Amino acid sequence: MIPDTSPRLPQDADSLLRLAAQSMFDTFAQTAMGMMVVDRSHRIVWISEGYKRFLPALGHEERDFVGRRVEDVVPNTLMAQVIETGQPILVDLLTNQAGTFLVSRLPLRDAAGQVIGAMGMVLLDHPETTMQPLIGKFSRLQRDLDAARQQLAEHLTRERRPKHTIASFIGASAAAMEVKRQARRVAQTDSTVLLLGETGTGKELLAHAIHAASGRAAKPFVGVNIAAVPDTLLEAEFFGVAAGAYTGADRKGRDGKFRLAHGGTLFLDEIGDMPLPLQAKLLRVLQEQEVEPLGSNQVQHVDVRVIAATSRDLAAMVRAGDFRADLFYRLNVLPIRVPPLRERLADLEALADALADDIARRSGMAHKSLAGDALELLAAQPWPGNIRELRNVIEQASLMTDDLVLGARHFAAVLGLQAPVVAAPPQSAAATAAAPRIAGVKSLPQAVAELEAQAIREALEATGGNKLAASRLLGISRATLYEKLAP
């Protein structure tokens, strides 16, 4: 029997794997059109002779590539991604100045399994000729993806357009005019704006207005109320979440508010309620214009103009250690103080009229105007809730009556006040002498009341006592008819 002298495979697993790795590397080196190896720092440590022929088209001489970062030598490469994630990219298309290539990228690991570099291979050059069906399908998919992205961007822009303009800030008082002047001025810049003022003064409306008057008006306006978001979710809300960052996370990841506002304006309401740990991250984003989604190592560039607002005293919070001084200085670039309602009572009538008109439009009721005594009563109130509180009071008074003119008596009930009583002025001797001549003259309210009573009696007689038919004949609601019939 002739002994078998043919080479045998190693019997132990380690030797077998080393042999397989060496054989694969030799095969790739001989069959691939080019190979490159980079270290953990993304620097090129070796490049094959085949790869060198692509370098002139990339603007490099053969002697100046080893030791350089691969991103500086090969545009659009994903070798850094392979090193950072440890995941191979088995088949990909790479396009740059040298052409389009079918490439493969593999991580390199040490004995402990740590990634220490990566190897890239050019499998085919000009794959558009040898792989025409695949390239054609890829091109169609790319065009469809670009179109979908464009439609999504247009939809987001429409959904997140500004709702107010500077003209929406009602008022002609000196205080209101100064706010509008400052708003127009800061709208021409991209610097950060800080809106300071009590709750309900119109800070959010002003943020919309500044965006609408800026060069970013066609881009998204994204607002977030920091006080309304739990502290544990704020980071994800701002910076987004990478795919699979934690159990239950969206498999596709989720963009944060900074990414949604890219190219436009991000409105940070109640910035004084931001927890200290997140303030440092926000400061970095404002300085670097970069965000890093939760659970990701990838940094994303953002182009966002920030408008912040608060009803708190940030300077006092800085002194107390509750707000970072460096973030305060970064936000307080263009401060605008929005005055409270009590400081611009000259605008009360215009504000009340605009609010009543909006309330009528939203509720479907007829517009209701305010009498002079009503405006006097409202002007005497402290308005701690400012314009938001004023709207609430006018809306309550409007809904509680069918009268088209709201007087002081309508607002007294809403404000918890006694109805105003107008004292009769003292009469002179001449007026006393003339009293018999005017005794028979009725007051206007008395005459109106008698006329109403007569009209109601005639309507009831005409309808045979049918109150619903009578109310329709009179042009009032049945509830109003019952109210006027009450003793």
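The legends below describe close-up views of the nonpolar core and the cavities in a predicted model. Local features need pLDDT of at least 70 and side-chain atom pairs count only at pLDDT 80 or more, whereas totals for chains, interfaces and linings use all residues. Residues are numbered from 1 along each chain as its sequence is written, and side-chain values use heavy atoms, with hydrogens and water left out.

**View 1. Largest nonpolar core.** A nonpolar core is a set of buried (under 20% relative accessible area, 1.4 Å probe, protein chains only) Ala, Val, Leu, Ile, Met, Phe, Trp, Tyr and Cys residues joined through side-chain atoms within 4.5 Å. Of its 30 residues, F238, F258, L266, L268, I271, L282 and F323 touch the most other members. Helix α11 gives the most to this core, with 5 residues; helices (H or I, at least four residues) are DSSP runs, as are strands (E, at least two).

**View 2. Surroundings of L268.** Beyond neighbours within four places in sequence, L268 is in contact (heavy atoms within 4.5 Å) with V224, I226, F238, L282, V306, I307, A308 and A309.

**View 3. Largest cavity.** A cavity is a set of points on a 1 Å grid over the protein atoms alone where a 1.4 Å probe fits but cannot get out; lining residues have an atom within 4 Å of a point. The largest cavity holds about 90 Å³ of space. Its lining includes M36, Y51, R105 and M121, and β4 (99-109) and β5 (115-125) each supply at least two lining residues.

**View 4. Second largest cavity.** This cavity holds about 50 Å³ of space. Y51, F54, L58, V74, L94, N96, A98, F101 and V122 form the lining.

Methods. Buried means under 20% relative accessible area, exposed over 50%, partly exposed in between (1.4 Å probe, protein chains only). On a 1 Å grid over the protein atoms alone, a cavity is a set of points where a 1.4 Å probe fits but cannot get out, and a pocket is an open set with protein on both sides within 12 Å along at least five of seven lines; lining residues have an atom within 4 Å of a point. Grid points are joined across faces, edges and corners, and a volume is the space filled by probe spheres set on the points.
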